[in-house]
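Q: Could we go through this model together, one topic at a time?

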Amino acid sequence: MTTATTVAQISSPASPSMNLAITGMTCASCSGRVEKALLKVPGVAQATVNLATEKATVTGDGSVKPSELARAVGDAVRQAGYGVVTHEVTLQIGGMTCASCVGRVEAALLKVPGVSTATVNLATERATVQAFGEVTDASLRAAVEAAGYQAQAAGGPTTSAPTAVPWGSSSAPVVLGVLLSLPLVAPMVLPFLGVNWVAPAWLQWALATPVQFWLGARFYRAGWHALRAGAGNMDLLVALGTSAAYGLSVYLMFKHSGHGTPHLYFEASAVVITLVLLGKWLEGRAKRQTTQAIRALSALQPDTARVLRDGQERDLALDQVVLGDTVLVRPGERVAVDGEVLQGRSHVDESLITGESKAITKAPGDRVTGGSINGDGALRVKTLAVGTETTLARIVRLVESAQAGKAPVQRMVDQVSAVFVPVVLVAALLTLLGWLWATGQWETSLINAVSVLVIACPCALGLATPTAIMVGTGAAARHGILIKDATALELAHAVTTVVFDKTGTLTEGRPTVVAVKPAAGQTRDTVLALSAALQQTSEHPLARAVMERVQADGLSVPEADEPQALAGRGLKAQVQGQEVLLGSKRLLQERGLQAGALADDAQRLEAEGRTVSWLMRESAADSGSTELLGLLAFGDAIKPGARAAIQRLHGLGIKTVLLTGDNRGSAEAVARELGVQAFRAEVLPADKATEVQALRGKGQVVAMVGDGINDAPALAAADVGIAMSTGTDVAMEVAGITLMRGDPTLVADALDVSRRTYATLKRGLFWAFAYNVVGIPLAALGYLNPMVAGAAMALSSVSVVGNALLLRRWRPLSAAASVPTPPHEARLAAGA
C-alpha cells in the first residue's frame, strides 16, 4: 500500500464501476480507513482509494442493484467520518405517455453507477436524480435515451412563461383526425336521418391510412422504443390494437374486392386514434393548468430594477443587481429585490408571499419582499437577497420540489404499472383465443381483443397522484402555506394531535418587561442593568425586551465577559469580576436558592401567565455561594387568531397540546385562555422531542408547530413539522410545512388542504383502478366495441386530471369568515 493509492480486490469485477469524490482525507491512513469501510459494504467486489485526487472507485459484484450499492457506499464513507460529494440533477424528459414510462425511465436512471435515487414525475415530465458528484449529466441523458426517451437539462419550464405548443401536441392533429374520421363514422349515424350511405372500400382505406400512419405515427414510435427496451406502454397497446383493426379491414377489403363492399373496421382504427389524440390534447391542457399557480408566482418577479449607483439612477437587469445596492421603488411598482427600507414610508401588498390580504405598513428598518407591490409612497431599499436566494425564488423552488416528489401511496401505483401492460397483452391474447374457441369467427375474436388493448389505460394510474399533489401544493402556496414534500402532504391528512410551542407561535413573541422586583438590599435599576449586561449581545425575544426597557429608562449597562448559554435554563457571564446568572426557576433551584420574600410575587405573576426570570450573582462574601438579586417578569400578548386556530383544530377532531419551557403558571394561563386541551410546562428543548415521541408512542399522529431553534428537535421528531416563517431558518429547514405568516389559523388550513388533497388523490386512484377493473372485462366479453373503448380510454385520463383541478377551488377555512380574496389570488384566478 502506498501513501497515494490503495487497492483491494476480493473478486473479479462483475458490474460497472462507480467513482466518488471523498472529502476529509488527510493521510494514507485515511485512505486505508475509507477502503476498509468500502470493502465491508455487501456487494462491493473492489475498492480503489486515491489520496492525491481524493477519489474512490468502487466495483460491485453484481449481487446488489447499482442504486442500492451507491446508497450503501455513501453511508459507509460517512459513517467512517468522511464526506461524499453528491449533486442533484433535474432532467426534462420527453416521450413519456403513461405510468409504465415513468417506471422505465426511473429504472434506466437507477442503473447508472453512482446514482442513489431517481424520481420521475409524469405530470411535470421531469426526473430528479441524486448521484455522486462524478456522475455526469451526459451519462444520465444517455441512459434515458437508451430507454427510448428524450432528455435534456431542465431549465425551469414549469416556472417560466408558457412556450409555444409543438404541432404534435396542439389541436391540429385532433381536428385533422376528426375530419378524416367523420366519413367513416357517417354510415352509423345517417340511417337515423333516413339516409343509407356507405363509403366505398377504397375511400375508407384512403381516409383511414393517413390517420393510422401519419397522425398515429407517434404511437408506433413510442411503442417501438418500449419494445426495444424490453417493456410496454400505452402507445404499444394503441399501436397493436389499431393495427389489428386496420390490418383486418385491409384483408377483408381485398378478400371481398369483387363482391361489393364488405363490413370493414377502418372506422374503429381511425376513431380510436383520433379519440386518443383528443384525450392527450385535453390532458396536456389540464396538466399545464396544474402548474399555472407557480408560473404566475414566478412571473411576478420584475425583470429590471432601478438602482442608485454613484448618485445616478440606472435601470439594470435583475441579474446585475448585487447585495448592498440601493434600489428605488416608485408608488405602484413591484419591489425588485428582498431588502430593508432605508428611506420612505408606504403600504406594501405582500399577499403573494403570505396570503395576507391587507397591505402592510413599511418604514425605515422594515423588510420588504421582492415581487410585492408598493403602495402610495416612494421607497429606497437596501438589497439583502437577489436571484435564487430571494424569498419568492425559494418559495417556487420549495413548491416545485414538493410537486416533483412522490407520495408513499405512489409506490403501490408504480408496482401495478410495472406489470400493467404485460397483463393487458395476456388478457387480449386470452380474449382472442377464447372467442375463437367459442365462436370460430376471426373477425369477432380480433375486434374484441382490439377493444381490450384499446380500453386499458395506465395513464390514469400515473396521473392521479402527481396531479393531485401539484394542484394541492400550488393552491396551498397561493395562501401562504408551503409544503416541502409529498410525504409531508400525505402524512398531514392523518394528524390526530397538534403540539404547539408557546412563544412566537401562539403568542406574539415580542415580550415586554412588565415587572422588576429587587431582592432585599438591591435596587430596581441594578437588577435591570445587570440583566441587560448579560443579554446585550443576545437576539432572544426576552433579551430584546430587557434592552428596550433599559434604553427607555436611560440606564447605563456594564460590560459582560465570557457569556455562556445554559441550555433550557438561562445564561451566565462575568460582570464586574463576578459571575452573574439569569434564568428560570430550574436554574434557581440548581443553585440551591429559595425565592424567599419574592416567592409571593413570583407566584402571583406566574398565575397571571407571566414568564419569570431570576437574577443571581456570585456572593461577594462567599465566593462559593450565589445570592439572589431579584426577578423580572415578562408578558407576551396572545396572537389574535390563536383562539380561533385552536377551535378550528378541535372542529376537525384534532387534539391540541401546549409544550413550553415557560413556568407552569404561564403555560396554564395561556392554555386556559385558548382552550388548549393539555399542556406541559418547564420542558427543556431536548425534552420537547421526547414529549413528541411519547405522544407518537401512544398511537397519535403528531404535528409539531414551532418557530425557534429550540423547536427544531421536536419538529424533526414529529410526524409532520410545521414552522412559522417568522421564526428561524433552522426551524423552517427541519419542518415539512412552512407557514409564510405567523398566523396560527394557518395550521388548521394546512391540515385541511392536506386532507382535501389526499381525498382527491384517493378519488382519482379509485376511478383509475375501477375504470380498468371494470372496462377490461367488459371489453373481453364483447360488450364494448373499439370506438367506445377508445373514447372511454381517452376520457379516463382527462377525468383524473380534471378531478385534481377541482382542488384549485380550495380556500382556507379562514377565508370562509368573509376574508377578502388576496389581490394576487385574483390575478392567479384570472390566469396571470
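**Surface patch, salt bridges and a buried threonine**

A: Tyr783 is exposed, at a relative accessible area of 64%; buried means under 20%, exposed over 50% and partly exposed in between, with a 1.4 Å probe and protein chains only. This is a predicted model, in which local features need pLDDT of at least 70 and side-chain atom pairs count only at pLDDT 80 or more, while totals for chains, interfaces and linings use all residues. Residues are numbered from 1 along each chain as its sequence is written, and side-chain values use heavy atoms, with hydrogens and water left out.

Q: Where is the place of Tyr783?
A: Tyr783 sits in the loop between helix H26 (745-780) and helix H27 (786-805). Helices (H or I, at least four residues) and strands (E, at least two) are DSSP runs, numbered from the N terminus.

Q: Which residues form a nonpolar patch with Tyr783?
A: Val773, Val774, Leu778 and Leu781 form the surface patch together with Tyr783, and the accessible area of the five is about 530 Å². Patches take residues with over 30% relative accessible area and no salt bridge, joining like charges within 9 Å and nonpolar side chains (Val, Leu, Ile, Met, Phe, Trp, Tyr) within 5 Å. The areas come from the Shrake-Rupley method with a 1.4 Å probe, and for residues only the protein chains shown count as cover.

Q: Changing topic: how many salt bridges are there?
A: The count is 18, where a salt bridge is a side-chain nitrogen of Lys or Arg within 4 Å of a carboxyl oxygen of Asp or Glu.

Q: What does Asp719 pair with?
A: Asp719 forms a salt bridge with Arg696, at 3.1 Å from N to O. Asp719 lies in the loop between helix H24 (712-717) and strand E30 (720-724) and Arg696 in helix H23 (residues 685-697), so the pair ties together parts that are 23 residues apart in sequence.

Q: Which residues are joined into one network?
A: Salt bridges with shared partners link Arg524, Asp525, Arg549 and Asp553. Within that group, Arg524 and Asp525 meet at 3.3 Å, N to O. Arg524 is partly exposed at 29%, and Asp525 is partly exposed at 38%.

Q: And what about Thr431, buried or exposed?
A: Thr431 is buried, with a relative accessible area of 6%. It lies in helix H13 (residues 409-439).

Q: What is Thr431 in contact with?
A: Leaving aside neighbours within four places in sequence, Thr431 is in contact (heavy atoms within 4.5 Å) with Asn448, Ala449, Val452 and Ala780.
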